Amino acid sequence: MTTHQLTRRFPLTTWWTVLRISLEERLVYRGDFALGTLMRFLPLVTQVFLWGAIFEAVGTDGSGTIAGYTYQEMVAYYLLTQVSRAFSSMPGLASTIALQIRNGEIKKYLIQPVDLLGFLLLGRMAHKLVYYVVAAGPFALVFFLCRDFFNGWPDLLTMVAFVASLVMSFLLGFFLEATLGMVGFWFLEVSSLLFVYMLFNFFFSGHMFPIDMLPGVWGTIVRGSPLQYLAYFPAAVFLGKIQGEQLAWGLGLEFAWVVVFVILSRVTFHFGVKRYSAYGG
Amino acid sequence: MAIIEIEGLAKSYRIYQKQEGLLASVRGLFHRTYRDVQAVRGIDLAVESGEFVAFLGPNGAGKTTTLKLLSGVINPTHGTARVMGHVPWRRENAYRRRFALVMGQKNQLWWDLPAQESFRLHQQIYAIPPDQFLRRRDELVDLLTVRHLLSQPVRELSMGERMKMELIAALLHSPEVLFLDEPTIGLDVVAQHNIQSFLRHYQQTSKMTVLFTSHYMKDVAALCRRVVIIAQGQIMYDGSLGGIIDRFSGHKMITLVFPGDSLPQGLSRFGEVVEEQAPKVKLRVDRNVIAESLAAILAQHTVQDVSVEDPPLEEVIAEMFSLANEQARSAQAGLEEVPSPHA
C-alpha cells in the first residue's frame, strides 16, 4: 500500500488513535516487554566472543582480515545488524495473522470499514516506537562501550542512506511477513513455513555473518534475495562497504523489493479473502 | 420497501472427512475426501425496515451462515441478497458503515485495554464526529449501566459485561441494520434479561432493523413479533411466535384435577397421558376432537378443576426441528451423502 493510499484510508486522527491504542496495549505487560527488550542484547556478547575466537583460531592471511573484514569491522558489523533487525524483525506478525484467519477473528476486518494491512502496519509502527524508546538507552550504552570497534561516525550522506535503508527494511520486513501470514488463508497451519523462513532469514539476511563473505553461486543468489536488506544492507551501508553508484542501486533495489512485497501482500490478501469467503468463514 | 431482500440464497461448504486412525491420517497426506455440506439451501426472505426478526433453528441449521452472508463475511454459492440496496459480499465501505454484526462472545474489543479505548478506535474507523460519538457513547453506556466499567480492561469483565460492551461498540456508529448472533449465549438469567431489555428499548426508539439468532425462547418471546425458523438450511416457518403452535401443533393439553386421592381408570382413551400424579392428570389430545373429548370426560367423571392449554412452545419447536431434520435427511439421502473425492 502506498503512502497516498494509506493517507486516504486513514486520516491523521485515525493514525494517531491506532498508534496510541497500540502503544497502550504494548505497555500493558511491562515485565514481558522489559525482558524482551533487554534480552535482545544477550546474544551480542556471545557473538563478540565468538568472532574473537574465530579470528584467533583460524588466523588471518596476514592482512588481519577474514573475507575482507577485520575483527573490529566484524564486531561493528554485528552490532549494526542488531540495529537493522530492530527495524526489520516482526515478532509474531505472520503467526498472529495466520491465527486470526484460523480462529475467525479476521472477520472483524471484513465487516468493518478498515483496511487490514494498513491497520496492522500502524499497530506494528506503534510496537516499534515503544521498543525504540525503551531500547534507545541500552543501545546507546552498548554502542558507547563498543565505540572502539568503529572508525567514528560516517559522513552525512552515508547516514541519510543508512536511515533510508532502515526505514525500508522495516517496511520490507512488515510486508514480507504479512504476506507469509496470509498464506494461512490457504494452509491454516503455517508454523512450519515460518520456521523455514526464519531459518533462511537468519542465514541469508546477514544476521549470522556478512553475506558478502559467501563465495560463488551462493553469494550471487543470496545477494539477489530481498532478505539481505533485513540485516546486511543497512549495516554494510553504515560501515561504508557500499558506496557511490552501488549504494544508489542498492537503495533503489531495496525500494523495489518493498514495492514488490506491498503488491504481493495486497494480492495475497485479495485472493485469500476471496478463498476464505468462498470456503470458510 | 424491504430493507433486506434475499432470493434463492444458498451456501455450501466443503468439509474434509477423515476416517479414524493413524493409517487414515497418513493417507490424508496424499488423498483427501471432502463432503459438500449445504449450510443454506436457497432461502427467500424479505425484511421491512424497523422489523425485529428472530432466526430460530437447531445447531447447524444455517442461521449463522445466513448472518455471515448478509454481513458479507462469506460469498454465497447461489442466489442474491440486498441489504439497504447493497450486495453484502461486495464489502463496500458505504455498506460497512451502515450495519453491524455482533457474534456471541467473538471479540471486537481489545482484550487487554479498557473498552473505552476500543470505542475511540471505532469512532475513527467509522468516522463518527466527536460530539456525536460522545453523545452516543454516554447514552449507550447509561442504558446498559456500565459507566463504572469503562476504564477496566476487557479481559477482566464478566461475560455479561463484555457482551454489553460489544453491543456498545457495535451501535456507536448508529447502524441501520444489526445482525446479532446469539447475543445472550452463556449469560446468566439476570444478564440475559438486561440485554433483552436493552435491545427491546433501543430497537423501539431507534427503529433499527434487527436480525438475530438465539436458542433461548425467552429472548425470542421478549423481543420479536416475527420469527423465522430455519432447519437444514431451509425456512420452515415465517410468522408470529403464536402462529407456530397453530400451525405445527396438532394437540392441546388438558389438565384435570379429580376430587380425592385416586384417579379414574381409562383416561387414555381420550388422549395420551403425559403426566399422572393424583389428583392431577395431564392429557395430550388431538386439536380436532378437543371439544368432544372434554365433554365426554366431564360427562363420565366428576372433575374438580380443568384447564385446556397449548403445548409448551419449546416442545412444539423441538418436534418441528426433529421432523424437519428427518425430512431433509431422507430427501437428501443419496445426493449429498455421497462423498466427493478431491485431490
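A nonpolar core here is a set of buried Ala, Val, Leu, Ile, Met, Phe, Trp, Tyr and Cys residues joined through C-beta atoms within 7 Å. A residue is buried if 20 or more other C-beta atoms lie within 10 Å of its own, exposed if 12 or fewer, and partly exposed in between, with C-beta atoms placed from the backbone. Welcome to a predicted model, in which local features need pLDDT of at least 70 and side-chain atom pairs count only at pLDDT 80 or more, while totals for chains, interfaces and linings use all residues. Residues are numbered from 1 along each chain as its sequence is written, and chains are lettered from A and ligands numbered from 1 in the order in which they are written.

**Nonpolar cores**

- The largest nonpolar core has 142 residues, and those touching the most other members are L172(A), F175(A), A54(B), I168(B), L178(B), F179(B) and V228(B).
- Helix 9 (residues 156–182) of chain A gives this core its largest share, 13 residues.
- Another core, of 7 residues, lies apart from it and includes I254(B), L283(B), V285(B) and I297(B).
- Leaving out residues up to four places away in sequence, I168(B) touches F119(B), L140(B), V141(B) and L144(B); contact means that C-beta atoms, placed from the backbone, lie within 7 Å.

**A helix pair in chain A**

- Helix 2 (residues 12–26) of chain A packs against helix 8 (residues 116–145) of chain A at an angle of about 50°, and their axes are 8 Å apart.
- That angle makes helix 2 of chain A oblique to helix 8 of chain A; angles under 35 degrees count as roughly parallel, over 145 as roughly antiparallel, 65 to 115 as roughly perpendicular and the rest as oblique.
- From helix 2 of chain A, residues including W15(A), V18(A) and L19(A) meet residues of helix 8 of chain A, among them F119(A), L122(A) and G123(A).
- By class, this helix contact holds 10 nonpolar, 3 polar and 1 charged residues, where Ala, Val, Leu, Ile, Met, Phe, Trp, Tyr, Cys and Pro count as nonpolar, Asp, Glu, Lys and Arg as charged, and the others, Gly among them, as polar.

**Where the chains meet**

- On the chain B side, 25 residues are in contact with 20 residues of chain A.
- Helix 4 of chain B supplies the largest share of that side, 5 residues.
- The side of chain B that touches chain A is made up of 10 nonpolar, 6 polar and 9 charged residues.

**Chain B overall**

- Chain B has 11 helices and 14 strands, taken as DSSP runs (helices H or I, at least four residues; strands E, at least two) numbered from the N terminus.
- Of its 343 residues, 37% count as buried.

Terms used
Axes are lines fitted to C-alpha atoms, for helices over the stretch in contact, and angles run from 0 to 180 degrees between N-to-C directions. Two residues are in contact if their C-beta atoms, placed from the backbone, lie within 7 Å.
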